[in-house]
Amino acid sequence: MSETTGASYAAAGVDIEAGDLAVDLMKEWVRKATRPEVVGGLGGFAGLFDASALKRYERPLLASATDGVGTKVDIARRMGVYDTIGHDLVGMVVDDLVVCGAEPLFMTDYICVGKVHPERVAAIVKGIAEGCVLAGCALVGGETAEHPGLLGADEFDVAGAGTGVVEADRLLGADRIREGDAVIAMASSGLHSNGYSLVRHVLFDRAGWKLDREVPELGRTLGEELLEPTKIYSLDCLALTRTAEVHAFSHITGGGLANNLARVIPDHLHATVDRATWTPDPVFGLVGELGGVARPELEKTLNMGVGMIAVVPQESVDVALATFADRDVDAWVCGEIETRGDHAQAVTLKGDYAK
């Protein structure tokens, strides 16, 4: 008569010890992503942030945002590079916060894996922590969940949520925009974290390219290009609000430049953006050419070289461009705000991209 072995969490595929080791490995990185207002350290059930710091505000408005990095995680998995994807996560969250003028205060993350590989999880958190440092916010906590049976042993996904604060009378948005305002573009670092389902379909399924392919137009391998981290603009945008009058920002993510800029254009106004003011990075042209992707489809899916937009009055343009130059941000005037008139849409892209 044989004995029946009882069920266990480990037998079901969840390794608690590996999870504990991952936490130990990530602690040094989380400690670097802090602010004076953070209370306590990693390991509690909730992250603590001293809200008395908000007393200096007359009427503080809390802003919140949450996001992930989409199918870009598949590139990280296939490359075996896990310490950059966190930059993408932070950028997607904090740059949504700063659009309304909010200073990012803190973030939390959620990492879901098929199997906990402690060093891999720690590398992901390292990237998130480094991104938080670049954004000026704290990483106050997170969760790593092991989902055997739902995800493969090497599969994972990441998500995050952030909180920021803005003085009520300094809230940015559509109600501040005026006719004659200038539209200033800030260059992206590449694809950022949007449109990777299209990019992967074109480059892998249709073109049959491999990640280790050397691509002369890119000056590096395809994998290195696709893993280029999302640029984080939050501190640059906040610096601009201190040096110049700003009416609005727009974070260019899924939906492309026109659709995202339209979100901050009031009903009676219209933005005209001139494509001739910039040249998109080669990766955008490659996706279009190899996939036979029409320009309208590219422009509503990818950022085409612009990661953030600032809308400022004309008298602030010189100061704005100087501020960005001082911070090594590639920025230029790409358009202007006009009356809506006969324009059916809030934003028009005109002309052809510069060669």
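## Residues with positive phi

H192 is found in the loop between β7 (182–187) and α5; helices (H or I, at least four residues) and strands (E, at least two) are DSSP runs, numbered from the N terminus. The model is predicted, with local features needing pLDDT of at least 70 and side-chain atom pairs counting only at pLDDT 80 or more, while totals for chains, interfaces and linings use all residues. Residues are numbered from 1 along each chain as its sequence is written, and side-chain values use heavy atoms, with hydrogens and water left out.

Phi of H192 is near 60 degrees, a positive value in a residue other than glycine. At 1% relative accessibility, H192 counts as buried (buried means under 20% relative accessible area, exposed over 50%, partly exposed in between, with a 1.4 Å probe and protein chains only). M304 also has a positive phi, near 55 degrees, and is likewise a residue other than glycine. The position of M304 is the loop between α10 and β12 (306–312), and its 6% relative accessibility makes it buried. Most residues other than glycine have a negative phi.

Helix α2 (residues 72–79) packs against helix α5 (residues 196–206) at an angle of about 50 degrees, and their axes are 8 Å apart. Axes are lines fitted to C-alpha atoms, for helices over the stretch in contact, and angles run from 0 to 180 degrees between N-to-C directions. The two helices are therefore oblique to each other; angles under 35 degrees count as roughly parallel, over 145 as roughly antiparallel, 65 to 115 as roughly perpendicular and the rest as oblique. On the α2 side, K72, D74, I75 and R78 meet Y196, R200 and F204 of α5 (contact means heavy atoms within 4.5 Å). The residues of this contact divide into 3 nonpolar, no polar and 4 charged. In this classification, Ala, Val, Leu, Ile, Met, Phe, Trp, Tyr, Cys and Pro count as nonpolar, Asp, Glu, Lys and Arg as charged, and the others, Gly among them, as polar.

Helix α9 (residues 282–291) has V283, F284, L286, V287, G288 and G291 as buried residues. The buried residues of α9 pack against α5, β8 (214–215), α6 (222–226) and α10 (295–299). Just after α9, G292 takes a positive phi of about 60 degrees.

T108 is found in strand β4 and is partly exposed, with a relative accessible area of 30%. Apart from its neighbours within four places in sequence, T108 is in contact with L139, V140, G141, A159, G160 and A161. T108 and D67 are 41 residues apart in sequence and 11 Å apart in space, C-alpha to C-alpha.

T163 belongs to strand β6 and is buried, with a relative accessible area of 18%. Leaving aside neighbours within four places in sequence, the contacts of T163 are L62, A63, S64, L97, E103, P104, L105 and F106. F45 lies in the loop between β1 (38–39) and β2 (48–49) and counts as exposed at 91% relative accessibility. From F45 to T163 there are 118 residues in sequence and 18 Å in space, C-alpha to C-alpha.

## Second largest pocket

The second largest pocket holds about 410 Å³ of space. On a 1 Å grid over the protein atoms alone, a cavity is a set of points where a 1.4 Å probe fits but cannot get out, and a pocket is an open set with protein on both sides within 12 Å along at least five of seven lines; lining residues have an atom within 4 Å of a point. Grid points are joined across faces, edges and corners, and a volume is the space filled by probe spheres set on the points.

This pocket is lined by 23 residues, of which G101, V166, R170, L238 and T241 lie nearest its centre. The elements giving two or more residues to the lining are β4 (103–113), β6 (156–167) and α7 (234–243), and α7 gives the most, with 5 residues. By class, the pocket lining has 12 nonpolar, 3 polar and 8 charged residues.

## Cavities

The structure holds 3 cavities of 30 Å³ or more. The largest cavity has a volume of about 50 Å³ and is lined by V113, K115, H117, R120, V121, I124, A153, D154, E155 and F156. Helix α4 (residues 118–135) gives the most to this lining, with 3 residues. The lining of the largest cavity divides into 5 nonpolar, 1 polar and 4 charged residues.

The second largest cavity contains about 40 Å³ of space. Its lining consists of L257, W278, E299, L302, N303, M304, L349 and Y353, with 6 nonpolar, 1 polar and 1 charged by class.
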